[in-house]
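Here is a quick tour of some side chains worth a look. Have the model open while you read.

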Amino acid sequence: MSKPMKYLVIHCTATPEGREVSSKEIRHWHTDPVSKGGRGWKQVGYTDLFHLNGSVERLVDNNEDAQVDPWEVTNGAAGYNSVSRHIVYVGGCDKDMKPKDTRTAVQKEALKRYVRDFHERFPQIRIVGHHDLNPGKACPSFDVKQWLREIGVHNS
Ligand SMILES: [Zn+2]
């Protein structure tokens with residue numbers, strides 16, 4: 001059964017600054033069996049992936065409406081997946097794996113375009129960071145509320 005979408009959730013891959021991550025790699029992390037070092041999930045955790053070069057890769061099919069259909073569900077944040085769309089940028093940690101906003105200029109630009117477009121189409125849907133839903137997580141390593149203000153998206 002599909003449910004009305006309530007959240008667009010921003011994540012980071014929690015990988016060191018400057019290191020690219022492929023969609024194949026993310027699929028392995030999330031969907032490989034636990035015995036093989038994966039999480040054993042049925043579906044990958046995010047709908048769209050923002051690469052270091054600013055390109056956006058779709059990982060899970062989505063029909064771009066305000067409902068979350070069963071086939072659109074991704075596993076980004078425990079307890080919120082049936083009403084969320086999850087997106088992720090590559091990075092989020094410094095070389096010592098401490099949380100850091102490592103977004104490149106072109107990643108920021110791509111995220112901004114995506115979020116503005118999303119907000120225009122679905123002004124009722126809240127745009128949040130992963131840590132806003134699951135406090136205790138550093139993800140996505142920047143303050144989403146403050147960034148939304150900076151880019152002129154008035155939401156929530
Ligand atoms: Zn996250």
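## Ground rules

Buried here means a relative accessible area under 20%, exposed means over 50%, and partly exposed covers what falls in between. With that cut-off in hand, Tyr7 counts as buried because its relative accessibility is 16%. Keep in mind that this is a predicted model.

How many disulfides does the structure hold? The count is 0. Take Cys12, which is in no disulfide: the nearest cysteine sulfur belongs to Cys139 and is 4.1 Å away. A disulfide needs the two sulfur atoms within 2.5 Å. Cys12 has a relative accessibility of 6%, so it counts as buried.

Cys93 is in no disulfide either; its nearest cysteine sulfur is that of Cys12, 5.9 Å away. Cys93 also counts as buried, because its relative accessibility is 6%.

## Aromatic pairs

Searching the whole structure turns up 5 aromatic pairs. One of them joins Tyr7 and Tyr80: the ring centres are 5.6 Å apart and the planes meet at 85°, so the pair is edge-to-face. Tyr7 is in strand 2 (residues 7–12) and Tyr80 is in the loop between strand 6 (67–68) and strand 7 (84–89), so the two rings link distant parts of the chain, 73 residues apart. Tyr80 has a relative accessible area of 25%, so it is partly exposed, whereas Tyr7 is buried at 16%.

Phe50 and Tyr114 make another edge-to-face pair, with centres 5.3 Å apart and planes at 75°. Phe50 comes from strand 4 (residues 48–50) and Tyr114 from helix 2 (residues 105–121), so the pair ties together parts 64 residues apart in sequence. Both Phe50 and Tyr114 are buried.

Now for a group of rings: Tyr89, Phe142 and Trp147 are linked into a cluster by ring pairs.

## Around Ile127

Last stop is Ile127, which is found in strand 9 (residues 126–129). Ile127 has a relative accessible area of 5%, so it is buried. What does Ile127 touch, leaving aside neighbours within four places in sequence? Its contacts are Leu8, Ile10, Val115, His119, Val144, Leu148, Val153 and Asn155.

For a sense of scale, Ile127 and Tyr114 are 13 residues apart in sequence, and their C-alpha atoms are 11 Å apart in space.

Key:
Residues numbered from 1 in each chain as written. Predicted model: local features only at pLDDT ≥ 70, side-chain atom pairs only at ≥ 80, totals over all residues. Heavy atoms only, no water. Buried < 20%, exposed > 50% of the residue type's maximum accessible area, 1.4 Å probe, protein only. Phe/Tyr/Trp six-rings, centres within 6.5 Å; stacked < 30°, edge-to-face > 60°. Helix = DSSP H or I, 4+ residues; strand = E, 2+ residues; numbered from the N terminus. Contact = heavy atoms within 4.5 Å.
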